[in-house]
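Grab your viewer and let's work through a few packing exercises. Each one has a task and then a solution in steps.

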Amino acid sequence: MTEHKIYKMTAAKIYDCYIAKAERKNRTKEEVDEIIRWFTGYSQDQLEAELAQETAFAPFLLEAPALNPSRTLIKGVVCGVRVENVEEPTMREIRYLDKLIDELAKGKSMDKILRQ
């Protein structure tokens, strides 16, 4: 696994960035939490515990209880990179989650974001 800086950043720090991005676009912390729970399989209590423990972002995702199988339906560009073409597995998971938060900030409905 290539060691990108983001892998070592705490999930709490990334989470704060996600919340800030969502709130700038009049979306809510609760919506961000719902997306993360859908993506990772964490319960709200588990999510809060992981954030409090300052777990690094890579293990936060890779050791999640149950990554949602529908995450592979996520397509598109985030940070100039087409997410479905990211070869490195850890970075692909990060980009999937980034794309979901981008969709939230762009005003998509939760049903569409959660691929329902």
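Axes here are lines fitted to C-alpha atoms, for helices over the stretch in contact, and angles run from 0 to 180 degrees between N-to-C directions. Helices (H or I, at least four residues) are DSSP runs, numbered from the N terminus. You're looking at a predicted model, where local features need pLDDT of at least 70, side-chain atom pairs count only at pLDDT 80 or more, and totals for chains, interfaces and linings use all residues. Residues are numbered from 1 along each chain as its sequence is written, and side-chain values use heavy atoms, with hydrogens and water left out.

**Exercise 1.** Work out how helix 3 and helix 6 are oriented to each other.

Step 1: take the axes of helix 3 (residues 29–40) and helix 6 (residues 89–105), which come within 11 Å and cross at roughly 150°.
Step 2: angles over 145 degrees count as roughly antiparallel, and those under 35 as roughly parallel. Helix 3 and helix 6 are therefore roughly antiparallel.
Step 3: list the contact (heavy atoms within 4.5 Å). Helix 3 brings E31, V32, I35, I36, W38 and F39, while helix 6 answers with E93, Y96, L97, L100, I101 and L104.
Step 4: sort by class, with Ala, Val, Leu, Ile, Met, Phe, Trp, Tyr, Cys and Pro as nonpolar, Asp, Glu, Lys and Arg as charged, and the others, Gly among them, as polar. That gives ten nonpolar, no polar and two charged residues for the contact of helix 3 with helix 6.

**Exercise 2.** Do likewise for helix 2 and helix 6.

Step 1: their axes lie 8 Å apart, at an angle of about 20°.
Step 2: helix 2 and helix 6 are therefore roughly parallel.
Step 3: Y18, K21 and A22 of helix 2 touch I94, L97, D98, I101, D102, L104 and A105 of helix 6.

**Exercise 3.** Which residues line the largest cavity?

Step 1: on a 1 Å grid over the protein atoms alone, a cavity is a set of points where a 1.4 Å probe fits but cannot get out, and lining residues have an atom within 4 Å of a point.
Step 2: the lining is A11, I14, Y15, Y18, I36, L47, L51, F57, F60 and L97.
Step 3: helix 2 supplies the largest share, four residues.
Step 4: by class, the lining has ten nonpolar, no polar and no charged residues.

Key. 1 Å grid on protein atoms, 1.4 Å probe; cavity = no way out; pocket = protein on both sides within 12 Å on 5 of 7 lines; lining within 4 Å. Helix = DSSP H or I, 4+ residues; strand = E, 2+ residues; numbered from the N terminus. Parallel < 35°, antiparallel > 145°, perpendicular 65-115°, else oblique.
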